[in-house]
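Subject: Handover of a structure with two ligands

Dear colleague,

Please find below the structure that I am handing over to you. My findings follow directly after it, and I would be grateful if you could read them alongside the coordinates.

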Amino acid sequence: MKIVTIVGARPQFIKAAAVSRVLRARHQEVLIHTGQHYDYEMSGIFFDGLDLPRPDANLAVGSGPHGAQTGAALKRIEEALLAERPDYVVVYGDTNSTLAGALAASKLSIPVAHVEAGLRSFNRRMPEEINRSVVDHLSALLLCPSETAVRNLAAEGIARNVHLVGDVMLDVLQWAKQRLAAKAPKILEQLGLARQSYLLATVHRSENTDDLSRVSQILNALNSLDEPVVLPIHPRARKAINDAHCRTEHHVRLIDPVGYLEMIALADAARLILTDSGGLQKEAYWLGVPCLTMRNETEWVETVGAGWNMLVGSDSEKIIAAAHSFAPSGSRLPLYGDGCAAAKCVDLLG
Ligand code: UD1
Ligand code: UDP
């Protein structure tokens with residue numbers, strides 16, 4: 001089969017790295033990058049670091065308001081699909097690129113496979129919630145990472161062609177752990193950090209970055225902690241921090257976004273992770289690092305249920321208290337599959 005894969009944002013490059021490898025052994029893949037993310041640290045670094053094939057096309061959509069960005073991607077993806085005429089389109093997750101890909105393909109009657117189907121935060125103020133809901137309703141093949149996701153779809157009347165495959169991000173993490181065991185990156189050394197002696201933080205969700213009082217609350221919390229905090233900063237958060245005129249204390253190390261292997265090395269050695277990222281919540285769990293999620297809800301409810309992830313919102317006092325006291329107890333049962341999700345996805349594509 002000829003399969004067009006649509007990617008555009010950081011977590012999609014990581015997910016595609018797992019699937020592309022398996023897909024290309026059996027099918028012809030055309031990899032289309034919408035250009036939603038474009039800085040080297042947000043895009044190129046993943047193609048270099050994950051052995052991901054170069055995109056066959058970059059649609060250079062860039063940044064903009066939701067309508068403009070999604071609309072530009074829709075138009076350009078449609079043109080690409082008309083030229084390629086694939087048998088299937090594969091989309092990942094819940095970004096504007098995912099929505100544009102699913103919409104363009106379904107209007108051309110090309111079946112869509114949605115990897116990471118069925119996730120719900122039940123918060124319609126999140127742009128991602130709108131994207132994922134629409135994409136699920138347009139998809140011909142729904143590839144779910146968890147039983148919760150399968151149930152969420154059933155509750156919306158979607159039961160056909162729904163499959164529990166596990167999370168392709170676990171496939172990539174297992175690959176990364178092998179790489180790191182063979183040759184660890186020098187990032188800890190470069191930052192002068194010892195294992196378990198620092199916290200790792202990320203922030204980029206629109207709910208935290210568009211509201212300057214929330215950005216300030218989060219920064220205040222990090223500033224008040226008494227351990228080093230490494231903060232690889234998403235460009236959206238950098239802008240918000242500047243706009244809010246937040247200063248950072250000496251122990252808060254703002255660094256450029258890092259490549260995937262560096263990030264996993266940083267996550268693995270951290271004492272605690274503070275984040276609003278979807279991907280990092282799961283990586284924290286799989287690596288056995290306690291996680292505080294700076295949101296009011298999560299799609300990855302199993303990590304909270306297991307006691308290794310705690311929702312702390314953006315309130316300074318709550319974040320500080322939890323950073324001092326949160327100590328998961330209990331073993332970590334396997335969550336989100338066995339690290340072979342990509343092969344299951346490709347099997348189901350047929
Ligand atoms: C997007 C996704 C989000 C995902 C995240 C992963 C949507 C609606 N959101 O959010 O679900 O979790 O990617 O990181 O699709 N920018 C740069 N350089 C870049 C990319 C972005 O400077 O290479 C800046 C621009 O000012 C841009 C802002 O970041 O306006 C936001 O970028 P955008 O892609 O719209 O959304 P993200 O917040 O990255
Ligand atoms: N990540 C990375 N470098 C960074 C920050 C994050 O490689 O500087 C990885 C992180 O480990 C995870 C993925 O990017 O695998 C998550 O992406 P992001 O938080 O941007 O998006 P989300 O998962 O929230 O959609």
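Strand 4 (residues 88–92) and strand 5 (residues 112–115) run parallel and are joined by four bridges. Within this pair, valine 89 faces valine 112 of strand 5. Please note that the model is a predicted one.

Both strands belong to an open sheet of seven strands with parallel pairing, whose order is 3-2-1-4-5-6-7. The edges are taken by strand 3 (57–58) and strand 7 (162–164); each has a single partner strand, so one side of each has no neighbour in the sheet.

Helix 5 (residues 127–138) lies across strand 4, strand 5 and strand 6 (141–144), and its direction makes an angle of about 140° with strand 5. Helix 16 (residues 341–349) lies across strand 1 (2–7), strand 4, strand 5, strand 6 and strand 7, at about 165° to strand 6.

There is also an open sheet of six strands, again with parallel pairing, in the order 10-9-8-11-12-13. Its edge strands are strand 10 (252–255) and strand 13 (309–311), each of which pairs on one side only. From one strand to the next, the twist averages 20°. Inside this sheet, strand 8 (residues 199–202) and strand 9 (residues 229–232) pair in the parallel sense over two bridges, with leucine 199 opposite valine 229 of strand 9. Helix 15 (residues 316–325) lies across strand 11 (272–275), strand 12 (291–293) and strand 13, and runs at about 170° to strand 12.

Ligand 1 is surrounded by 19 residues, of which His37, Asn96, Glu128, His204 and Arg236 are the closest.

- histidine 204, at 2.8 Å;
- histidine 234, at 3.0 Å;
- arginine 236, at 2.8 Å.

Taken alone, ligand 1 exposes 740 Å², and the protein buries 87% of that area. Helix 3 (66–84) and helix 11 (235–243) are the elements that give two or more residues to the shell around ligand 1. By class, that shell consists of five nonpolar, nine polar and five charged residues.

Which residues come nearest to ligand 2? Of the 18 residues around ligand 2, they are Arg205, Val258, Ser277, Gly279 and Glu283. A polar side-chain atom of arginine 205 is 2.6 Å from an oxygen atom of ligand 2, while a polar backbone atom of valine 258 is 2.7 Å from a nitrogen atom of ligand 2. Histidine 204, which has a polar side-chain atom 2.8 Å from an oxygen atom of ligand 1, also has a side-chain N or O atom 3.5 Å from an oxygen atom of ligand 2. Ligand 2 on its own exposes 530 Å², of which the protein buries 95%.

The shell around ligand 2 draws at least two residues from each of helix 1 (10–26), helix 12 (260–269) and helix 13 (278–287). Helix 13 gives the most, with four residues. In terms of class, the shell around ligand 2 holds 10 nonpolar, five polar and three charged residues.

Yours sincerely

Conventions:
Residues numbered from 1 in each chain as written. Chains lettered and ligands numbered in written order. Predicted model: local features only at pLDDT ≥ 70, side-chain atom pairs only at ≥ 80, totals over all residues. Heavy atoms only, no water. Near = heavy atom within 4 Å. Polar contact = N/O pair within 3.5 Å; in protein donor to acceptor, adjacent residues only side chain to side chain. Areas by Shrake-Rupley, 256 points an atom, 1.4 Å probe, with all protein chains shown as cover. Nonpolar A, V, L, I, M, F, W, Y, C, P; charged D, E, K, R; others polar. Pairing = 2+ DSSP bridges. Axes fitted to C-alpha atoms, helices over the stretch in contact; angles between N-to-C directions. Contact = heavy atoms within 4.5 Å.
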